[in-house]
Amino acid sequence: MANLPHITAILAMSADGKISTESAKPARFSSPQDLAHLEEQISLCDAIIFGANTLRAYGTTLTIKQPHLLAQRQERQQNPQPINIVCSASGNLETHYSFFEQPVKRILLTTQKGKENWNININRNDKKILFNDYLIIENKNKKIDWQPVFKHLKSININRVAVLGGGELIASILEKKLIDDLWLTVCPVILGGNQAPSPVGGNSFPQSIPLHLKRVKQVGEELFLNYQIIKN
């Protein structure tokens, strides 16, 4: 849609379809090749979005460091780093993460209640700017309303967005048929476990979502699959 940015979901999973051993725990199977792939993909974007559990699990964001990727961004007249948008409807986040020290612009995407909760959590004696801005767009059920969110991002010249997880966040956007394509890394490991989260968590969809395989790339033992989301 012309009034929305191009939205790509990027994630890695084990060979048995798990993204970690349990919710809010960092994945321990990413390889240097997968991290390089992720850095390359986010370098194309104006903003990245990830959920509160992803922030809790890692405490940091992946910044672009490769000189050729930074040079390409400069040629495209993009900022050195994409805007980092943390999605937390509750606003219940800690302030000690290294993320808040990294050289990126940070936006908290939340609800009105979430912003109130966040303000309560902030140490008011702390002079640091933790989030540069807030984006509050909620529906009548007091949940984040995704289509107006992305319309707003497009209106401020954010034309490419990467969604990095977790699974419930991706599911909530995918359910609204807003994701355009998917990069999925299949890693050579089996995690097992009935409670281990999958790439798309949350409730099941009313109907299955078909995909079109655009590209397959193999690097070592890993497969990088690029799917287009078929929107009916």
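## A9, a residue in a strand

Let's start with A9, which sits in strand β1; here helices (H or I, at least four residues) and strands (E, at least two) are DSSP runs, numbered from the N terminus. The model is a predicted one, where local features need pLDDT of at least 70 and side-chain atom pairs count only at pLDDT 80 or more, while totals for chains, interfaces and linings use all residues. Residues are numbered from 1 along each chain as its sequence is written, and side-chain values use heavy atoms, with hydrogens and water left out.

Is A9 buried or exposed? A9 counts as buried, because its relative accessibility is 1%; buried means under 20% relative accessible area, exposed over 50%, and partly exposed in between (1.4 Å probe, protein chains only). Setting aside neighbours within four places in sequence, A9 is in contact (heavy atoms within 4.5 Å) with V163, I170, I179, D181, L182 and W183. As for F99, A9 is 90 residues from it in sequence and 21 Å from it in space, C-alpha to C-alpha.

## A helix tucked inside

One of A9's contacts, I170, is among the buried residues of α6, along with G167, L169, A171, I173 and L174. That makes 6 of the 8 residues of α6 buried, so the helix is largely enclosed by the rest of the structure.

What covers these buried residues of α6? The cover includes β1 (6-14), β2 (47-51), β3 (83-87), α5, β6 and β9 (222-229).

Most residues other than glycine have a negative phi, and most peptide bonds are trans. Now look at the bond joining G165 and G166: that peptide bond is cis, with omega about 10°. G166 belongs to the loop between β6 (160-163) and α6 (167-174).

Two lysines have a positive phi. K142, in the loop between β5 (133-136) and α5 (146-155), has a phi near 65°. K177, in the loop between α6 and β7 (181-187), has a phi near 60°. K142 is exposed, with a relative accessible area of 56%, while K177 is partly exposed at 43%.

## A buried charge without a partner

D34 is found in helix α1 (residues 32-42). D34 is buried yet has no salt bridge, meaning a side-chain nitrogen of Lys or Arg within 4 Å of a carboxyl oxygen of Asp or Glu. The nearest side chain of opposite charge is K217, and it is 9.0 Å away. What does D34 touch, leaving aside its neighbours within four places in sequence? Its contacts are A12, T185, E222 and F224.

## The whole protein

Zooming out, the protein has 6 helices and 9 strands. The C-alpha atoms fill a box of roughly 50 × 45 × 35 Å, taken along the principal axes. With 232 residues, a compact globule would have a radius of gyration near 17 Å, and the protein agrees because it has 17 Å; this radius is taken over C-alpha atoms, and the globule rule is 2.2 Å times the number of residues to the power 0.38.

Of the 232 residues, 46% count as buried. Among contacts between residues at least 6 apart in sequence, 72% join residues at least 24 apart. Finally, there are 26 positive and 20 negative side chains, and the centres of the two sets lie 6 Å apart. Lys and Arg count as positive and Asp and Glu as negative, with His and the chain ends not counted; the place of a charge is NZ of Lys, CZ of Arg, CG of Asp or CD of Glu.
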